[in-house]
Amino acid sequence: MNCLKLCVSGGKQLKLKAVAIDGDLGPVHQDSVQFDSELPEFRTHGGVHIHPDGLTVTSPVLMWVKALDLLLDRMKAAGFGFSRVRALSGSGQQHGAVFWRTGAARTLTQLDPGQNLHQQLTDSFSVQDSPVWMDSSSGLQCDALQEAAGGAMRLADITGSRAYERFTGNQISKVRQTRPDQFQDTERISLVSSFGASLFLGRYAAIDYSDGSGMNLLDIRDRMWSQICLDATATNLKRLLGEPCPSTAVLGPVSSFLQHRYGFSGSCSIVAFTGDNPASLAGMCLHQGDIAVSLGTSDTLFLSLSEPRPSLEGHVFCNPVEPDGFMALLCFKNGSLTRERVRDRCCSGSWDVFSQALDGTPLGNHGNIGFYFDTMEITPPAVGLHRFDANDRQVSSWSPELEVRALVEGQFLSRRLHAERLGYSIGSGTRVLATGGASANRQILQVLSDVFNAPVYTIDLSDSACLGSAYRALHGLVADSGVSFLDLLRNAPEPQQVCRPHRSAPQVYDPMLRRFAELEQKVLEKSRF
Ligand code: ADP
């Protein structure tokens with residue numbers, strides 16, 4: 001019988017999912033529990049509660065526990081072979097925090113296999129509603145942290161990101177200030193990922209370096225909690241967080257509770273859980289120098305980096321699969337929805353006409369450069385439509401064809417510019433991995449390939465966080481003996497190459513990128529007024 005590697009992942013916030021893979025890396029079992037429809041007693045919409053202030057967003061922690069009971073019960077009923085699982089890992093939405101009540105550690109070690117987790121952990125949380133990644137209510141705490149750290153840039157230098165409201169350290173500050181009694185009654189704080197690992201271990205699991213990088217608390221270079229950030233957040237915080245661990249760490253065997261209740265083997269290892277974004281990077285098997293571009297409602301860039309340069313935009317995290325490496329994440333709000341608006345206005349709503357416009361216009365668009373921020377952009381913080389001709393003079397309109405190319409080139413020049421600012425550089429082996437709705441469009445991908453001067457491959461990301469966690473479980477078993485993640489996964493499904501850059505691309509886009517950077521500065525100055 002083959003050995004299995006199992007992963008349990010909480011998707012952005014909608015469901016809990018399990019995937020088991022065998023030695024050939026293929027999924028052999030999948031199951032999931034939808035929070036809203038299958039656990040309606042928690043009254044969540046999209047897995048969360050949005051509070052009346054519109055800023056506070058939380059999820060009931062017991063809903064996550066009950067979802068795990070349901071998922072494991074269902075797998076058992078389906079005859080899943082728990083005893084064959086050699087290693088288990090998982091992922092959880094980044095940034096969310098779980099506050100364990102004093103005494104919960106004891107409860108975790110004394111779980112009775114005759115009852116489910118949910119019944120036994122009902123009183124184990126000092127804060128029942130966990131803050132999650134959608135929360136934006138900790139602005140005051142962000143200001144205070146940045147001031148204590150010596151400014152936004154200094155904080156980004158230490159932790160990989162300037163202060164963000166959803167980042168866990170600022171959420172912890174807010175709980176300490178607004179709910180002092182509950183904070184006082186807390187003996188441990190977990191991330192959603194390490195909380196999941198704790199349920200499998202039967203004791204508190206360490207926070208891994210990669211997910212820990214999304215807290216504004218970890219020094220991403222030393223891979224230790226930053227004393228400045230800890231002191232600015234809460235006294236004795238180090239004790240509440242525990243020591244962070246490498247993302248490849250084997251934390252111990254599965255709990256005796258799970259061995260007795262579901263038939264897991266005592267030799268099944270729990271590998272540190274991590275955040276959903278780092279787990280996705282693992283699922284994509286990104287090589288050093290590769291860049292993944294998700295072209296969905298918003299556009300997101302994932303990068304694997306060896307020498308990061310944290311900036312006021314984007315995030316640098318410790319890499320979940322390379323011991324000394326880093327990864328970066330950049331979000332762009334004006335992605336597919338902006339492309340759709342231009343398609344509707346210039347191409348009668350047709351992607352075919354949109355694609356023909358790209359085919360019918362030259363690389364570099366005769367020197368015309370456009371910025372299309374329908375709504376306030378995240379990267380960079382600018383708004384409005386700005387068109388510049390080849391002499392950098394502002395113009396008010398273009399033909400539909402020029403407009404389409406200006407939009408797509410402008411979006412990809414921006415993706416490249418901001419990736420390079422975080423330390424990315426295009427090398428001879430660079431691959432661009434494209435995913436998301438717009439990766440179905442060959443002409444859009446050709447522009448991507450030309451602007452990055454690299455071949456473009458397409459991949460399906462729908463399961464990448466879950467699959468990435470199963471790959472990480474496998475890697476955790478051998479990481480200590482020096483086997484690299486990518487060597488281990490060389491038989492994983494390969495992405496498909498769809499475009500190669502035109503030979504003239506670097507002559508066109510290298511100088512155009514320099515002009516683009518200068519024009520973006522002008523646009524930013526305008527957006528400030
Ligand atoms: P989400 O971020 O919601 O998961 P998807 O990755 O499913 O989004 O992408 C949806 C977007 O894909 C739509 O908004 C649409 O604009 C875009 N899209 C779908 N087909 C095409 C196409 N042929 N060309 C360009 N964009 C497309």
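Visitor: Which residues lie nearest the centre of the second largest cavity?

Guide: First, the general idea. On a 1 Å grid over the protein atoms alone, a cavity is a set of points where a 1.4 Å probe fits but cannot get out. Lining residues have an atom within 4 Å of a point. Here, 15 residues line the second largest cavity, and Y372, F373, G410, Q411 and R415 lie nearest its centre. Strand 19 (369-373), helix 17 (400-421) and helix 21 (505-527) each give two or more residues to that lining. Helix 17 gives the largest share, five residues.

Visitor: How are those elements assigned?

Guide: Helices (H or I, at least four residues) and strands (E, at least two) are DSSP runs, numbered from the N terminus. This is a predicted model: local features need pLDDT of at least 70, side-chain atom pairs count only at pLDDT 80 or more, and totals for chains, interfaces and linings use all residues. Residues are numbered from 1 along each chain as its sequence is written, and side-chain values use heavy atoms, with hydrogens and water left out.

Visitor: How many cavities of 30 Å³ or more are there?

Guide: Two. A volume is the space filled by probe spheres set on the points, with grid points joined across faces, edges and corners. The second largest cavity holds about 110 Å³.

Visitor: What classes of residue line the second largest cavity?

Guide: Ala, Val, Leu, Ile, Met, Phe, Trp, Tyr, Cys and Pro count as nonpolar, Asp, Glu, Lys and Arg as charged, and the others, Gly among them, as polar. This lining has six nonpolar, six polar and three charged residues.

Visitor: Which residues are around the ligand?

Guide: A residue is near a molecule if one of its heavy atoms lies within 4 Å of it. The shell is G296, T297, S336, E340, W351, G436, G437, A438, N441 and I444. By class, that shell has three nonpolar, six polar and one charged residues.

Visitor: What does UniProt place at residues 292-475?

Guide: The unreviewed UniProt entry places "domain: Carbohydrate kinase FGGY C-terminal" there. Such annotations may be inferred rather than shown by experiment. In this model, residues 292-475 are 35% helix and 22% strand, with end C-alpha atoms 22 Å apart.

Terms used: On a 1 Å grid over the protein atoms alone, a cavity is a set of points where a 1.4 Å probe fits but cannot get out, and a pocket is an open set with protein on both sides within 12 Å along at least five of seven lines; lining residues have an atom within 4 Å of a point.
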